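I opened this notebook to keep track of what I looked up in the model, beginning with a metal site and moving on to the strands. The entries follow the order in which I checked things.

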Amino acid sequence: MTDLNGYIDREMSRFREELFEFLRIPSVSARSEHDGDIQEAAVWVADRMRDAGLSASVIETPGHPVVLGEWKEAGPEAPTLLIYGHYDVQPPEPLAEWKSPAFEPTVRDGNLFARGASDDKGQLFLHIKALEAQLKGTGSLPVNVVMVAEGEEEIGSPNLVPFVESHRERLACDAVVISDSSMFAQGIPSLLFSLRGLAYFEIHVQGPAGDLHSGTYGGAVVNPGNVLAHIVDSLKNDDGSVAIPGFYDDVMDWEEKTRQAIRDLPFDMAEFEAEVGAPGLDGEKGFSVLERLWIRPTCDVNGLLCGYTGEGAKTVLPARAMAKVSFRLVPDQNPDRVGELLRAHIARVAPPEVEVKIEDLHGGRPWKAELEGSFFEAAQAALRKAFGTPPVLTGEGGSIPIVVDFQEILEAPVLLMGFAPPGANMHAPNEWIPLENFEKGIRAVAQFYAELG
Ligand code: BES
Ligand code: MN
Ligand code: MN
């Protein structure tokens, strides 16, 4: 009865052309000069949802619009799935490091390069094509579907929680499915057991009213650059752990079963080193690389700004210094609590001769999956059929803050199946996705629906 794979075979080259078209729209959410592109991308996504057989609307928010697609003809007895993805992308800079332009999708060696290829336009779009394959290829779909495509994920989803709350009834579902993560290795599909959360801050240190001559004043005036360096250094211990008192209070100890499952994964250290390209690796003592990435929290400087950084020497005592610092969090840490602890810690270590201000940027709670139930089993079976090998369970170091909110507001389990390759260059130059992953992703998701029938 099903002609899923036949339909996908026949239509695959059109699917690819459409994906290229999607990737050409520079839907950068962080920059207001791209607001028109964001609108264009939203309308484009709604049109493709309609092509697939869904009804679709572009719903304005105080920020960028949400595209809502619906197909509810499977009947009240059939389960309802909510599929979430984002059509916005990160800025493409530094442009000079792209081998082909960020918004001119280019295929090299079977790999598609463009901003958003993996994060998340390619993965969002493959869900639309899987729905099309079901509805147009087989003429039916065994589940009801609600699709939510947002345009603000890369700026912290400021309007999505209110949207989900105010559309609670329309978004009611039995499970949430998201493809916005990576596979463990090329050819090995993955289901996630966790995502880290995020607590992101800007630390401002203000010293003298203006820049001063460092010879005339240096030694008698406290230097904000030195103070900021001291603050940053005080955040970590020599053993790689975070030094803020109370930081580990809510960190969960994972069951031995999970730690063993992580040890059992075929982790390739040499490949990881090559992917990172650093002279060496280090992290929290007592934990493996994968544990450091997935089940342990972190503290990282993301940016520093202070004093003279141009050519040559300028003997200046800068008036101010700024650091962007973020923490990746694990269950059951909470970003608000981490903010309180950070503020108390900095109040203790900063001298009174400077003024320190701490601003909150993004926050997102960590997530832990329920690895059971009919949706989880259907996903396992579908991934095995599409990739020819069963999925492995993996953690994820990145964050998708809305996941916990979906789970709580809609009271439904969330399933994360990612199709990005490891080293996809998300947020970096030369982001890519293997065309094979795009195609197998479509087959896996379409098969997932078939399994639920
Ligand atoms: N898709 C990513 C998260 C991700 C990255 C999942 C890699 C799996 C593998 C998402 O778009 C993202 O970039 N999230 C941000 C958080 C957000 C608040 C800006 C992140 O993790 O930094
Ligand atoms: Mn993403
Ligand atoms: Mn991202």
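Entry 1, terms and conventions. I took as donors the N, O and S atoms within 2.8 Å of the metal (3.2 Å for Na, K and Ca), and since water is not among the atoms, sites may look incomplete. The model is a predicted one, in which local features need pLDDT of at least 70 and side-chain atom pairs count only at pLDDT 80 or more, while totals for chains, interfaces and linings use all residues. Residues are numbered from 1 along each chain as its sequence is written, chains are lettered from A and ligands numbered from 1 in the order in which they are written, and side-chain values use heavy atoms, with hydrogens and water left out.

I looked up the protein donors of the manganese ion (ligand 3) and found D119 (OD), E154 (OE), E154 (OE) and H427 (NE2), at 2.1 to 2.5 Å from the ion. Along the chain, these donors have the spacing D-x34-E-x272-H. I also noted that D119 bridges the manganese ion (ligand 3) and the manganese ion (ligand 2), the two ions being 3.6 Å apart. D119 sits in the loop between β5 (111-113) and α3 (121-138), and E154 in the loop between β6 (144-150) and α4 (160-166), so the pair ties together parts that are 35 residues apart in sequence. Helices here (H or I, at least four residues) and strands (E, at least two) are DSSP runs, numbered from the N terminus.

Between β4 and β5, which run antiparallel, I found three bridges, and R108 has N111 in β5 as its bridge partner.

Entry 5, the hairpin. Strands β1 (residues 55-59) and β2 (residues 66-71) pair in the antiparallel sense over five bridges, and a hairpin of six residues joins β1 to β2. Opposite S55 I found E70 in β2.

Definitions and conventions
Pairing = 2+ DSSP bridges.
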